[in-house]
Amino acid sequence: MNLSKLFPLLFISLISTYGYGQIEIFSDQISMDSVVNSASDELNVVIDPEGQNLYFTRKNHPQNIGGSLDQGDIWISEKNLAGDWTPAYNLRAVNNAKNNLLIGLVNNGETMLLRNGNDFAQSYKRNGQWTKPKIFEVPYFNSKSKDFTASVSSDGRYLLFGMESFGSYGVEDIYVSRRTPAGKWTSPKNLGAKINTVNQEISPFIAADNKTLFFASNGRGGQGSFDIFMSTRLDDTWQNWSEAKNLGTMVNTEGKERSFTFLPTDQYAYLSSTQNSDGYGDLKMVKIQPDIVPVEEVPDTLQVIDIAAEEKIIAVVGKVSDKKSGAALVGAELVIHTEPTNREYKSRTNSDGVFVVNVDEGNSYTIKAGAFRYLSSERVITDLTLLKNDTLVFTLEPVVEGNTITLDHVLFEQGKAILIEGSQKELDLVVEMLKYNPDINIFLAGHTDNQGLASLNVALSQERVQTVTDYLIAQGISKKRISGKGFGGTRPIASNASADTRRLNRRVELTVHGATHKKSTDQ
């Protein structure tokens, strides 16, 4: 059946504000009927570069490798000489009993990138047949999603993932990985808050211009549970995007739309939709007129600035938790400053309190973790091996009524009330906490060990409390919000029998109180 004559010339034009790409929609969804669809779930659509083969994943079909319990096999429908799609069949050479999906085709359709269960793999076309898939790796890849989606750019340089992973804003987010000149893939990088929401973003597709991104989301409103959106990449960072635009009611329905894909020279786009089905996805078409200029093929070492830089990119991995309860902190912010490159990177923790931030390799890294109603924590790391091989752990003190926090890095010259160089960094975190939480006051307690005269220790601890108070006031904190007292050596937290444990008793603590808390004389 030739569908090209069925559409009235009604259209909606969706134009990128920044002029990188345009697509006109000329029809509502057109079902591909039972020639391609079945009673099972069809999704993850891929069209080959010549527009002659339509690949997709079919779930729970009795002809899958694992039978009706199989979570997905890759199937194919071929276009005949009349331009009609022929009945789909299982592409058994590349499937196994696990969940299989085709990520995409590169090298003029001669190389297939796919996902076999938890493995990335690639297959090559030899004499018209696909070879057994061989596994390849994406460094620091970690997907927690049952509903994993992915695609590859037409020039084979970029992998895009829809998954829940390090740094996700909520559940599934869209990430990108770049192919280096050496042929290796970089660790996935979150596309940021312009694209991702606290809900699900899945089935990314980057058009042939490597600028125009299409994806499905249920976090932006629209017609149904998932709608297709479009956004334009504005620079080479993959963090700067135009405002996402809904493709409108011709593409999106009350059903679940996902996996939107097209060729720049084709008159149809393909997608999966549950509209007018029995609840499972069916493959649909919409008539389009794309205005997409494909990128030119250039050597990877030329004109791809951010890819070349990736050769010296490392992934900083860590976890942020509540120091009192041990609970993971979701949405905690990480800020990493690198030297000598003087660049700053930001990310947030996912639902497990885990983060991963891709940074350029340098000599020194200042890493700061913070969250609402918590005292931030900051570390300076100069050991590159530590960053590459270890998971960094940040435990943050909650800013709640009655919590006492020891300022471990606020140190004084021996026998004096003079701050040692570097103590200001932790005090600056206290300043930040007080400015972000104007409804709280703090009580400062100064402590010493039990060496020397008790009366002198009390006086010294009081002087140190005053030094800290003066510093906070100098940074703009009202003196009305600060009270304190020196206790000398009367409140040890460790033994005074040895030098190693005595030093734990020489400390300054702050206790959090509400804004209405009255100053205490015996705190």
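Predicted model: local features only at pLDDT ≥ 70, side-chain atom pairs only at ≥ 80, totals over all residues.
1. As background, an α-helix has 3.6 residues a turn, so residues three or four places apart point the same way.

2. On geometry, α4 runs over residues 423-436, 14 residues in total. From first C-alpha to last, α4 reaches 21 Å, close to the 20 Å expected at 1.5 Å a residue.

3. Next, the largest nonpolar core: it has 25 residues, and those touching the most other members are L407, V430, I442, L444, V468, L472 and L510. Two or more residues each come from α4, β33 (440-447), α5 (454-474) and β35 (507-514). Helix α4 gives the largest share, six residues. In general, nonpolar side chains tend to be buried together in soluble globular proteins.

4. Setting aside neighbours within four places in sequence, L407 is in contact with E426, L427, V430, V508 and L510.

5. There is also a second, separate core of 21 residues, with A208, A216, I228 and M230 among them.

6. Finally, the whole chain. Its secondary structure comes to six helices and 35 strands, and 52% of the 523 residues count as buried. Of the contacts between residues at least 6 apart in sequence, 55% join residues at least 24 apart. The chain exposes about 23900 Å², with 49% of that area supplied by carbon and sulfur atoms.

How values were computed
Residues numbered from 1 in each chain as written. Heavy atoms only, no water. Helix = DSSP H or I, 4+ residues; strand = E, 2+ residues; numbered from the N terminus. Expected span 1.5 Å × (residues − 1). Core = buried A, V, L, I, M, F, W, Y, C linked by side-chain atoms within 4.5 Å. Buried < 20%, exposed > 50% of the residue type's maximum accessible area, 1.4 Å probe, protein only. Contact = heavy atoms within 4.5 Å. Areas by Shrake-Rupley, 256 points an atom, 1.4 Å probe, with all protein chains shown as cover.
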